[in-house]
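Q: Please take a close look at one part of this predicted model. I would like the sheet first, and then the helices and loops that go with the description.

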Amino acid sequence: MSSPAPTCLLLLAAGAAWEEIALRVIGPGTGVVVVKRCIDLHDLLASATSRQADVAVVAASAEGLDHGAVDHLHRAGVAVVVVAEHARENTVEHGRRAGVDLVLDETQVSDLPDRVRGLRSATGSDDLDAMPTGPVRSRGTAPAVAVWGPTGAPGRTTVALGVAGALAARGQDPLLLDLDPYAGTVAQHLGVLDDVSGLLASSRRLVAGDLTSAFVALQRRGAGMRLLTGLPRADRWTELTHGLAEELLQLGRRQGPVVADLGWCLEEDRAAVHTGRPGRHDLTRDAVAAADVVLVVGTADPIGLTRLVRALAELREQTVVTTPHVVVNRMRRSLGWEPGQVADLLGRCGPLHGISFLPDDRGTLDRAMVAGRGITELGESDLSRGFDALVDAALPGIPAGVKRRRLLRR
Ligand SMILES: Nc1ncnc2c1ncn2[C@@H]1O[C@H](COP(=O)(O)OP(=O)(O)O)[C@@H](O)[C@H]1O
Ligand SMILES: [Mg+2]
């Protein structure tokens, strides 16, 4: 006879004395195992994403345990138990508002196995099908595309705008998310004036627990697409909460395809990890990890290609399940090499979903920028054909048939 699967715990005691008791009472034969002792909330959230745990037992004093964090855990199928030093009424009430499943007083930790055995995230189970589980994710919803690329302004924003524009021209209703942690420019490109940053407002709503209901109202419309505007100033990234990028991608793909314009850096911010707050690059890291399609943009010149090769190596070190699709931007004859030669070089950098090329086309981009329009809205050009081919190659599920231009829906 096989015994039931044990309840797997993540512990975040944040230095509280009850951790020792918890570790003592959870032993063989209790039906409960500790899969990890986490150093901070960031570590806990990342560990939960690997989906090896059922329950997170967290000290009430752990920094950053807000609604967004609890929601992230739930979506990973992890129930949340908070242990408070003196679980008075206000702790219980605070926990309830943050959505935690159970609040324990530290004196109850000696019964931890009984209290957590069989506990499962009630809210998470609905969403399990929508959780990332492999290269083909989120069945039944539209794809989320992350547009990333190394430093040196290779054209991430240009590609995000172009891909979203090409999707709009196919009668899709794409949402462009401006997730650049160094301040957004997408709204300006599309001639959208927004006195409230969609991204900052989303973060506040996520913390307050009502992002789902507010999400549509936070979007703007420009150049035939929906847009969530970005940071108004680079220094305001500190106002962004945990799990925001993943949440936005998840909510967005319920409405239609999502394209996220990201920053260049994938580094984990170790200093931030110690504070329990999200790091500056988490927005980029999380979006890349949660996307169904990852486009890696680099320029075709020697420096751009070197950066691109390094970027692909860096990306492989992240917990990304999706095989990247490379976009070689600003391709031009004067560089003296053919697409085949560039493809040979990149092909040696590990598995790729595919490689697409975009021409250097300053004239078309200037016209688009000055008019506050999308490339596709301006009519056919080398660049618009390039974006069409890119969508065909990177998003083969999107039908090419409807070339309906949604020019004037602004
Ligand atoms: N295919 C292209 N042809 C000509 N100029 C381009 C092309 N792609 C991007 N650019 C220009 O390069 C600059 C940087 O592009 P941008 O998309 O803002 O980069 P990133 O978002 O990576 O910082 C912009 O001036 C943009 O117009
Ligand atoms: Mg940019």
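A: Start at one end of the sheet, with a facing pair of residues. R221 stands opposite R226, a residue of β9. The strands there are β8 and β9, the latter covering residues 225-228. They run antiparallel and are joined by three bridges. As this is a predicted model, every value here is computed from it.

Now widen the view. The sheet is open and has eight strands. Their order is β8-β9-β7-β10-β6-β11-β12-β13, and the pairing is mixed. β8 (220-222) and β13 (354-359) are the edge strands. Each has a single partner strand, so one side of each has no neighbour in the sheet. From one strand to the next, the twist averages 25°. In general, strands of a sheet pair through backbone hydrogen bonds, in either a parallel or an antiparallel way.

Move to the β13 end. Helix α17, residues 382-394, lies across β11 (293-299), β12 (325-331) and β13. The helix runs at about 170° to β13.

Next comes a helix pair. α11 (residues 244-255) packs with α13 (residues 282-290) at an angle of about 40°. Their axes are 7 Å apart. That angle makes α11 oblique to α13. The crossing of the two is right-handed. On the α11 side, the contact is made by L244, A245, E246, L249 and R253. On the α13 side, L283, D286, A287 and A290 take part. Six residues of this contact are nonpolar and three are charged, with no polar ones.

The loop between β9 and α11 holds T241. T241 has 6% relative accessibility, so T241 counts as buried. Setting aside residues up to four places away in sequence, T241 touches D66, S203, L206, V207, R277 and P278.

One more loop residue is worth a look. I26 is placed in the loop between α1 (18-25) and β2 (32-37). With a relative accessible area of 10%, I26 is buried too; the cut-off is under 20%. Leaving out neighbours within four places in sequence, I26 is in contact with L9, V32, V33, V34, L112 and P113. I26 and S110 are 84 residues apart in sequence. In space, their C-alpha atoms are 8.9 Å apart.

Terms used:
Residues are numbered from 1 along each chain as its sequence is written. Chains are lettered from A and ligands numbered from 1 in the order in which they are written. This is a predicted model: local features need pLDDT of at least 70, side-chain atom pairs count only at pLDDT 80 or more; totals for chains, interfaces and linings use all residues. Side-chain values use heavy atoms; hydrogens and water are left out. Two strands pair if DSSP finds at least two bridges between them. Helices (H or I, at least four residues) and strands (E, at least two) are DSSP runs, numbered from the N terminus. Axes are lines fitted to C-alpha atoms, for helices over the stretch in contact, and angles run from 0 to 180 degrees between N-to-C directions. Contact means heavy atoms within 4.5 Å. Angles under 35 degrees count as roughly parallel, over 145 as roughly antiparallel, 65 to 115 as roughly perpendicular and the rest as oblique. A crossing is left-handed if the near helix is turned anticlockwise from the far one by less than a right angle, and right-handed if clockwise. Ala, Val, Leu, Ile, Met, Phe, Trp, Tyr, Cys and Pro count as nonpolar, Asp, Glu, Lys and Arg as charged, and the others, Gly among them, as polar. Buried means under 20% relative accessible area, exposed over 50%, partly exposed in between (1.4 Å probe, protein chains only).
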